[in-house]
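Here are some friendly notes to read alongside the model. Take them one at a time, and keep the structure open as you go.

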Amino acid sequence: MTSHMLTRSLDRGAAMFLMVVAACGILIPLSNLLLPAGSVLQVPTYLVALWGKYVCYAILALSIDLIWGYCGILSLGHGAFFALGGYAMGMYLMRQIGTRGVYGNPILPDFMVFLNYSKLPWTWYGFDMFWFAALMVLLVPGLLAFCFGWLAFRSRVTGVYLSIITQAMTYALLLAFFRNDFGFGGNNGLTDFKDILGFNVQAEGTRAALFALSCLALIVAFLICRSVVSSKLGKVLIAIRDAESRSRFLGYRVESYKLFVFTLSACMAGVAGALYVPQVGIINPGEFAPGNSIEAVIWVAVGGRGTLVGAALGAIVVNYAKTFFTSGVLAPYWLFMLGALFILVTLLLPKGIVGAFNAWRESARERRPAAAAASAAAEDGITEPDMAEERS
Amino acid sequence: MNVMDNRATSAMLYLDGVHVSFDGFHAINNLSLTLAPGEMRAIIGPNGAGKTTMMDIITGKTKPDLGTVLFDGVTDLTRLDETRIAELGIGRKFQKPTVFESQTVQDNLLLALNVDHSVKGTLFWRGSKPESERIDKVLETIRLTDARNRLAGSLSHGQKQWLEIGMLLAQDPKLLLVDEPVAGMTDVETHLTAELLKEINKTHTVMVVEHDMTFVRELGVKVTCLHEGTVLAEGTIDQVSSNERVIEVYLGR
Amino acid sequence: MPTKLSARFGTFVLSLFLIAFALPAFAGPFEDAVAKFANDDYSDTEEAIGVVASSGNKLAFPIISALQDGRLMADPDSKKVYVTGTDGKSIDAATGEAVASVPDSASAVRLNNRLRRSVDAALGGLTLQSPDLATRLQAAQSVFKSHEETLLEPVESALAKESNKAVKTALGEARAAILLFKSDATEVQKLEAVATIKARGDQDALALLSDLGSDQPASVAKAATSAIGSIQGSLAIWSSVQNAWYGLSLGSVLLLAAIGLAITFGVMGVINMAHGEMVMIGAYTTFVVQEVIRTRYPALFEYSLLIAVPLAFLVAGGIGVLIERSIIRFLYGRPLETLLATWGLSLVLQQAVRTMFGPTNREVGNPSWMSGAFELGQITITYNRLWILVFTLAVFLILLAMLRYTALGLEMRAVTQNRRMAASMGIATSRVDALTFGLGSGIAGIAGVALSQIDNVSPNLGQSYIIDSFMVVVFGGVGNLWGTLVGAFTLGIANKFLEPVAGAVLGKIAILVLIILFIQKRPRGLFALKGRAVEA
Amino acid sequence: MLNKSTHDIAASFSRRGVLAATAGLMLGLASISGAKAADDTIKVGVLHSLSGTMAISETTLKDTILFLIDEQNKKGGVLGKKLEAVVVDPASNWPLFAEKARELITKDKVSVVFGCWTSVSRKSVLPVFKELNNILFYPVQYEGEESERNVFYTGAAPNQQAIPAVDYLMKDEKVKRWVLAGTDYVYPRTTNKILEAYLKSKGVAQEDIMINYTPFGHSDWQTIVADIKKFGSAGKKTAVVSTINGDANVPFYKELGNQGIKAKDIPVVAFSVGEEELAGLDTKPLVGHLAAWNYFESIKTPANEKFIKDWQAYTKNPKRTTNDPMEAHVIGFNMWVKAVEKVKSTDPDKVIDALPGIEAPNLTGGVSKMLPNHHITKPVFIGEIKANGQFDVVWKTPGLVAGDAWSKELDGSKDLIGDWVGKKCGNFNTKTNKCLGSGS
């Protein structure tokens, strides 16, 4: 009985979040496209693009939460996977420009023309096909994460050491992509996109569609994370997070688990990057900057690590605050606020907004003894072994 | 070596001439020890005698510089890692109770169950009747049925010790290594733990490291005393505790 | 260019020398030439330099050296030219008579690089027999570079009188350089000259020999080619010595930046992402110290760094203690959270400095003992790099001694090894924590003083060192100062040997990849602690 | 414990909650968009980084625009309306530039934007300006190879900075051997490509050109300076053409000074070192090194002296320096004011069409003109670093140089021109008489 109650509330919880995302994914584009401009309820295009960006960040935050919140792997280089996914998409978009580039070269992107490339580098082969690019969006970050993780987890690089070498990884990629000789547009990166799948990227309809697609991707990513963390594998991940060597002595091959979840997470980050690029219109090596990756970790910390909703919420809240504070009179002070936010959250809200909200509810519940029993019962149900919680 | 007929020894656990040093400090020094199948052995020794390091060697956490460590007569443990050794059937309880504090008692046991531990297996795992029955049984054995849904972190110290023993049971290994199971327990709890271990010993080979002499006496099994990484004395508790060198070591020179 | 100039010079010497002698008292070519300085035209100035330098007039040296230092004032209206002495008194450049003051309309005669070379050449000729040893040496060097034929005689007469060995060698080389390019020198003279220049063996010698035209006798050309080959060969060997030196120097910078981190991260286990900002604060302390000195006590400028070192230690250390008390101490045992909080802190500190001092670079000057270079064999060693290396090693040794021999050091080690035990022994662990963190930050501050000498002093200063510092500490092995030392120098030298081969960018990428791979092999760095204690 | 929190927060909501939350979010979004556009002012967007790595350069430009607006308002504004600055901080983050540009145009409804420093920030906002049809004035020297309808380039194109500088060194200093040293990004790469082609066309052999790239913020210059020294000892007069960017310059010049490379031996001519960069340096060892710009603070003209005086009064800082990109903003701002007054409207289409041909005095005594390719005519000055951190002009072009959008030295672009008046095209191929690409 209790388990059923809980199953329901759990499903309701995930569903709550998913429904808000889905509702936004449907209503915002519709409002943008159907309502007349200037109407009170019409969401202007620039906000659609802006919120599309937030949604991509939310996917990135989910991917970080999956490994950090549930498996204790703090990657300070997740921006690298995000950026690689973005580059894969950017390369597709570049090749779609075709003869509409400023030099009118049908094959070579503009930057290659003025850097005197005579032919397309092999790394660019195949990116004129969407399916190939889409595959690469998953494959490139996934493969990098797999190789990196295979080396690191097998030799038991953990904790801060892992954090620091992930940082080194993204820093090395940053330097590499900055190089013009690397063949990916150097510091300027890839920009001035025209079409995606034949639709004009600047068009309102395309933007609305991309937004809806990002929301869909967020929903799918959420469901994947949800089913991973609520499976027995999720319990193993938490076991590894809390007592890694104990898990080993129980016969779990810790490195395989880490590798699996790290690679999955990198693929998700790649998808987030791929959706991000057509919406912001540029991908450049700046995305590899170690600071970006750290900032993404902070979104998760602010929202509440170990809670999927929290991670997504954190990304949206922090980025909204950033947008808000970087305009107008507060602009010179926003770094103070951002910095202070990080310090205060780690000091005062170690479990993030969602965690704190949760603790507050808990204590409120304890004040009402009548509800206490129900609460205990609710807690009980979560771990009922025969409960099929990945039903969603 | 790996053919059944060529068993080097009939012992469940066989250590011979094992050496380990950390930066010049000889933690284990020519240690030789055998444990017969079905036996329960108590290991005593002062601090720094190498008890925990010995367990580390058996479970693959530390690699010896020299020496042979055989399990079940055939398997060279020095070549394997912790996971593989655990899969072979060696379970370990740590000196400091180590349970998964943010998960429930029941989940702790679930994680310890001796079933498919691969990524794929856990990702697509579905609960089954035999599994939940096993868990129920273990819960009963370790007297935590009522606490099954509590978070392991909220248990008392003694309960955590038991939960960890329960996890060993769920793991159902051939050999249990139990490091200081009664540290911090009340007398009643200590007594109950001794009973529990004796019960377990009926079906498993057990090695217990313990300081508490009352407890060791209660177990009533063969005792090995370690000192400076080597075996100082072996025999019944009375024999060992009357050994002059043991007394010297314990009281200091 | 040299040939053309020397041709012009030659004419002046021949014609004007005589005239200047014949009509010393009248408004002659010398006075005309001096007046040309007032035309504010580079070609006129160049002509004037030639005439004045070869005039034999005793005012020539004061005029040319004033021109070099920007003390030659010219009034474009009256065409009068004045020499302002270093003592502030002025004379009329044409007559040598003292004047009360230089009119306001006069401004310093401007130079460009071409003229500066003419000035050098002229001064070289004029100061070959100066009583000051350094001036003579410099004169000989500039003659070597300009190798004007007309200077052969002055060089030879100076050579005859010279007693100092170094100057004598330099003069000999200068003579050889002149002879080598002198069209009417004999083949034997030229061969001798080639040998002398070959013996000098440095890049200037190489430049001179490479510049030798094809109109030389076959034997000379052959000798020159073989000399070039042998100089290049020896320079190639020297260049690897030079790379090693550069590596040591880069290593010392890395060590300096990382050593504070080796304490906070290595000893305390606190990941301080604001470590770079401590370095920056040290650099800004230096800036403030120099500003105060500049405005109040200019005489102390040479000592500004010595004053800044303890101050930077105190300022950064004090801020460190403050940070530890207000933030870090709540986060012990949660290294990853510490990382995030200190990252936030680094943003705040950066923006605070940006608000206080402005976003642009601030000027921190090099005291004279920190500028310039000296030659060691065929490599150039700059004083600032040398001092930083010495300073780094000194800081390292002092720190090592402090940890080993002082009470605080003992307490620190005790607390790191076993906090509870230390506490029960009566050590105030929280005080030790604060002081340890303060020490790490203070050393970062000291690093800032040194780095202000070679890098930008801007709010971004710290950021550029933070990743490298972490790499050094992780590579060397946490908790081991010697590891940090070896790690820093290894990375420095590896980087400098890779750089000429792969280029600066690829070299750096390669180093990062190597570190990543190395950590897989030895997850706890070069000098890892072993044993059970590691896990605890 | 952790996976519980999601459930709890979720449990507190209800189905009605979903609707309420979504509706609230929508209303919130809509209300943000309902920005009040006051009719009595003309809004001018300022898109310069105030934080992050580029703040060091861009903060001054933000102040410049605020100063110019202040001055213009004292004169009564434009078209009888006051100008109002809208300042945003893109924080040296390139995608944020695009986002902020979109915000300025859509939400704040600005009539024109002055902004960007790096090429990548310009590239990032470009699609936004095209899509939303607004005007960007870009004040920094850049690599060229661009002519867009919505962008006006008031900084130097390569032919207004790099090529005259090389000409000067060749003629006046008789330089025969060249080191092209730059930071590894598009501007130095392109500039060096152009210079390499140009030098070769002047008969310089390949072995007399050394090209070297370093990463951003490179701080250890020992090896490279030693290489330059070595390269310079081959017996021919050598010069360094530096496109080293921003922060890397200070350690570079410090190393040059310490290793004893004097300007009279190996001069360095820089395209990114101005008065602001020198402010962070002890310039005494650097006297004689060169910079090529279209403006120097030390140029003595009445217009410049007045500008410096007013600027220092406005910023209340008697030591505040001025520099080339500031002058570019001054020219661009005045051109925009003139164009608006000419068409009596701030409508971007009208202003864009009116701008080519507009003339505005620069601060160095000439009159700059907006060209059909959206670049302007500028004088080129070569300045020598003086001991006081200022520049002494040693050479200038006889007249104003017209900015080329497309370099004549590069194969890909030598036939291209930008002409937004006659051809209505930014990349018109004069050989094929065709406008390449989509053109807009």
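1. Let us begin with chain C. Of its contacts with a separation of 6 or more, 68% are between residues 24 or more positions apart; two residues are in contact if their C-beta atoms, placed from the backbone, lie within 7 Å. Chain C holds 21 helices and 7 strands, where helices (H or I, at least four residues) and strands (E, at least two) are DSSP runs numbered from the N terminus.

2. A word on the ground rules. This is a predicted model, in which local features need pLDDT of at least 70, side-chain atom pairs count only at pLDDT 80 or more, and totals for chains, interfaces and linings use all residues. Residues are numbered from 1 along each chain as its sequence is written, while chains are lettered from A and ligands numbered from 1 in the order in which they are written.

3. Is chain C spread out or compact? Its radius of gyration, taken over C-alpha atoms, is 31 Å, well over the 24 Å that the globule rule (2.2 Å times the number of residues to the power 0.38) gives for 536 residues, so chain C is more spread out than a compact globule. The C-alpha trace of chain C spans about 100 × 60 × 40 Å along its principal axes. Of the 536 residues in chain C, 51% are buried. A residue is buried if 20 or more other C-beta atoms lie within 10 Å of its own, exposed if 12 or fewer, and partly exposed in between.

4. Next, look where chain C meets chain D: 48 residues of chain C are in contact with 46 residues of chain D. Several elements of chain C each supply at least two residues to this side, including helix 5 (113–126), helix 11 (218–267) and strand 7 (379–382). Helix 10 of chain C gives the most, with 6 residues. The side of chain C that touches chain D divides into 13 nonpolar, 21 polar and 14 charged residues. Here Ala, Val, Leu, Ile, Met, Phe, Trp, Tyr, Cys and Pro count as nonpolar, Asp, Glu, Lys and Arg as charged, and the others, Gly among them, as polar.

5. How far can you trust chain B? Its pLDDT, the predictor's confidence in each residue from 0 to 100, averages 85, and 95% of the residues score at least 70. Over residues 1–5 of chain B, however, pLDDT stays under 50. Where pLDDT is low, the predicted coordinates should not be read in detail.

6. Which of its residues are buried? They are B:Thr190, B:Thr193, B:Ala194 and B:Leu197. The face turned away from the buried side carries the exposed residues B:Val188, B:Glu195 and B:Glu199.

7. Finally, visit some loops. B:Arg143, between helix 5 (129–141) and helix 6 (157–171) of chain B, has a positive phi of about 55 degrees although it is not a glycine. In chain A, A:Gly72 lies in the loop between helix 2 (45–71) and helix 3 (78–97), and A:Gly72 counts as buried, with 20 C-beta neighbours inside 10 Å. The C-alpha atoms of A:Gly72 and A:Lys258 are separated by 9.5 Å, although the two are 186 residues apart along the chain.
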